[in-house]
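Please examine the sequence and the structure before reading on.

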Amino acid sequence: MASSSLATPAAPAVPPTTDSPDDGGAPVLRGPLLRPALALFACLSLVTGVLYPLAVTGVAQSVFPRQAEGSIVRDAAGNAVGSRLIGQNFTDPAHFWGRPSATAPMPYNAGASGGSNLGPANPALADAVKARIEALRAADPGNTAPVPVDLVTASASGLDPHISVAAARYQAARVARARGLPLERVEALVRSHTEAPLLPWLGEAGVNVLALNLALDAVR
């Protein structure tokens, strides 16, 4: 009887692995995957790192050139003295004072914008407000009007360049007396530097302290 033999089936082809033999099994891009990955990386880098910033900068410089340059304020001689977007620490009685700033290590530090984070029940906040009220009263002892809240509380950013109209009017008499100017002249400057809110129902009118003080310095 003739013997028969069963043929052993061929083993299926095993695709080449993409694992590196010495990196713990991490996949390695090879062959057809590497080229499209590099092309996509280069394309996204060009779009998001070059074209988009250039487009945004170009639109800003064309439509809002002053704001794009930082809203820099210059004096009569053309020297940069600050920005309309960042407050300054005026303490001279002959100038209007801005809203208090809790930034560290000095007030109105644009590199460390932030508030004090003190809660309304924190004694440290009450002490800070009391000290600010006393400083305002000491600079203008005859002023018995209620102190506007924005003159004794710091904002969340610590960089507010504006004060309320009420806060400007509260200080007008002190500034007029310190400069030897008629009160009506100072109040007129406050009115001329009062800025309306962006929308009638959004926010309230305010006075840019730096711009107002520069206008005062220009009075002869």
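Which residues lie nearest the centre of the largest pocket? In this predicted model, Asn89, Phe90, Trp97, Gly98 and Pro100 hold that position. The points below treat the pockets and then the cavity.

**The largest pocket**
- The volume of the largest pocket is about 240 Å³.
- Its lining consists of 14 residues, including Asn89, Phe90, Trp97, Gly98 and Pro100.
- By class, the lining of the largest pocket comprises eight nonpolar, four polar and two charged residues.

**The second largest pocket**
- The second largest pocket has about 150 Å³ of volume.
- Among the residues that line the second largest pocket are Ala102, Gly115, Asn117, Leu118, Arg132 and Thr153.
- Other residues in this lining include Ser116, Leu125, Ala128, Ala154, Ser155 and Ala156.
- The lining of the second largest pocket divides into six nonpolar, five polar and one charged residues.

**The cavity**
- When the whole structure is searched, one cavity of 30 Å³ or more is found.
- The largest cavity holds about 50 Å³ of space.
- Its lining is formed by Ile86, Gly87, Gln88, Gly98, Tyr108, Asp160, Pro161, Asn208, Val209 and Leu210.
- Five nonpolar, four polar and one charged residues make up the lining of the largest cavity.
- Gly98 lines the largest cavity, and Gly98 is also one of the residues nearest the centre of the largest pocket.

Terms used:
Residues numbered from 1 in each chain as written. Predicted model: local features only at pLDDT ≥ 70, side-chain atom pairs only at ≥ 80, totals over all residues. Heavy atoms only, no water. 1 Å grid on protein atoms, 1.4 Å probe; cavity = no way out; pocket = protein on both sides within 12 Å on 5 of 7 lines; lining within 4 Å. Points joined across faces, edges and corners; volume = space filled by probe spheres on them. Nonpolar A, V, L, I, M, F, W, Y, C, P; charged D, E, K, R; others polar.
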